[in-house]
Amino acid sequence: MIPYSYSLKHDQNGRIMEKTETVSGKAVVWKYSYDKKGRLQEAHLDGRLICQCHYDKEGRRMRDYLPTTAGANYRDYTYTMENRLLRAGNNSYTHDDSGFRSIWSHGGTYYLYKYSHDYRLLRMEVEDQNRVFTYRHDDNGQRIAKYCNGQLVEAYAWLDFVRLVGFHDGQHGYEFAYQDETRTPYAMRRDDGVIAYLFYDQVGSLRVVADLESNVIQEILYDPFGGIIEDTQPDLHIPIGYARGLHDRDLGFVRFGWRDYDANTSRWTAPYPIGDKGGDSDWYGYCLDDPMNSVDPLGLILCKVSLTLAANILAFMKGSPYWHMANVDYQMASAKVPCMG
């Protein structure tokens, strides 16, 4: 029995309107609806409302309802004139002069962030809780180590500019195996010899980990914007998360090349490095609020833009510390990802 599979039905515009996912022979059905501009409005899982979003005239989210991941109440959103998020429900946010998130306030707890000028997350502190996370990067800007209160808790090794070849979770080391030029590994091996297979949905989110006998070791169920509804084995910290990004569970962020994505608000924590050239007037918005049909592996190039625009963006970036990573990903996308055509 195949541990995981999915099938899709599309509307006349090519958008996914229904997805059937099967895990160990048990099927569930997702249904999606969109507004006139193609933004996701609602998602139902076996008839249960999982996601509902409303947007203002600028295309920003103005209200949402994510009962399985963000709480049982509707959340209203407010923004600054620069599209920086001020509030989402009972959460409030502050940004520095460059537009990077600097403070998240939630329930009387303050989370303090520090970014470098080239968009690398350097530090996150939970105020008055003696929890400080710091990060180390290589010369290309890729994250290679994560520390908690000065102690190494995770380390990452890269196959190339876009793919992990291995990581260490503080207890075990893991190696990943790829087929050809795919962006996601099909298997991993732990340092004690355990081997497992990895299965993904249509945007590359890791959904199922299975052993050599096809028994499911871990299933991760996401809402459409990457919030985790259920994780059957949370102690298994595989860093490949939503939409193939590098998942940091301590922060709730997913790293996509250039930027950090916050699944709780469905927004980036920093503005587009290239401004309006990225294809979205909301410099913090994720994939034009169409997460079922689009991906943004670099946090930079929308899947919906043309390859010509993507090439122009690369020319704009040339000389930055991320140019090589962006170029590799662009070459892979142009050959492998139909929605970038």
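## A nonpolar surface patch

Tyr186, Ile195, Tyr197 and Leu212 form a nonpolar patch on the surface of this predicted model. Together the four residues have about 340 Å² of accessible area.

Tyrosine 186 sits in a loop. That loop runs between strand S17 (173-177) and strand S18 (187-190). The relative accessibility of tyrosine 186 is 34%, so the residue counts as partly exposed.

## Tryptophan 104

Tryptophan 104 belongs to strand S10, which covers residues 101-106. Is tryptophan 104 buried or exposed? Its relative accessible area is 16%, and the cut-off for buried is under 20%, so tryptophan 104 is buried.

Which residues does tryptophan 104 touch, leaving aside those up to four places away in sequence? Asn91, Ser92 and Tyr93 are among them. The list also includes Thr109, Tyr110, Tyr111 and Tyr113. Valine 126 is 22 residues from tryptophan 104 in sequence. In space, the two are 9.6 Å apart, C-alpha to C-alpha.

## An open four-stranded sheet

Four strands make up an open sheet. Their order is S23-S24-S25-S26, with antiparallel pairing. Strand S23 (246-248) and strand S26 (267-268) are the edge strands, each pairing on one side only.

Strand S25 spans residues 259-262. Two bridges join S25 to S26, and these strands run antiparallel. Tyrosine 261 stands opposite tryptophan 268 in S26.

## The chain as a whole

The chain has 341 residues, and buried residues make up 53% of them. It contains two helices and 26 strands. Take the contacts between residues at least 6 apart in sequence: 34% of these join residues at least 24 apart.

## Confidence

The average pLDDT of the chain is 88. A score of at least 70 is reached by 87% of the residues. Over residues 303-310, however, the pLDDT is below 50. This stretch has 22 contacts in the model beyond near neighbours in sequence.

Residues 321-341 also have pLDDT under 50. For them the model has 53 contacts beyond four places in sequence. Where pLDDT is low, predicted coordinates should not be read in detail.

How values were computed: Residues are numbered from 1 along each chain as its sequence is written. This is a predicted model: local features need pLDDT of at least 70, side-chain atom pairs count only at pLDDT 80 or more; totals for chains, interfaces and linings use all residues. Side-chain values use heavy atoms; hydrogens and water are left out. Patches are made of residues with over 30% relative accessible area and no salt bridge: like charges are joined within 9 Å, nonpolar side chains (Val, Leu, Ile, Met, Phe, Trp, Tyr) within 5 Å. Accessible areas come from the Shrake-Rupley method with a 1.4 Å probe; for residues, only the protein chains shown count as cover. A salt bridge is a side-chain nitrogen of Lys or Arg within 4 Å of a carboxyl oxygen of Asp or Glu. Buried means under 20% relative accessible area, exposed over 50%, partly exposed in between (1.4 Å probe, protein chains only). Two strands pair if DSSP finds at least two bridges between them. pLDDT is the predictor's confidence in each residue, from 0 to 100. Contact means heavy atoms within 4.5 Å.
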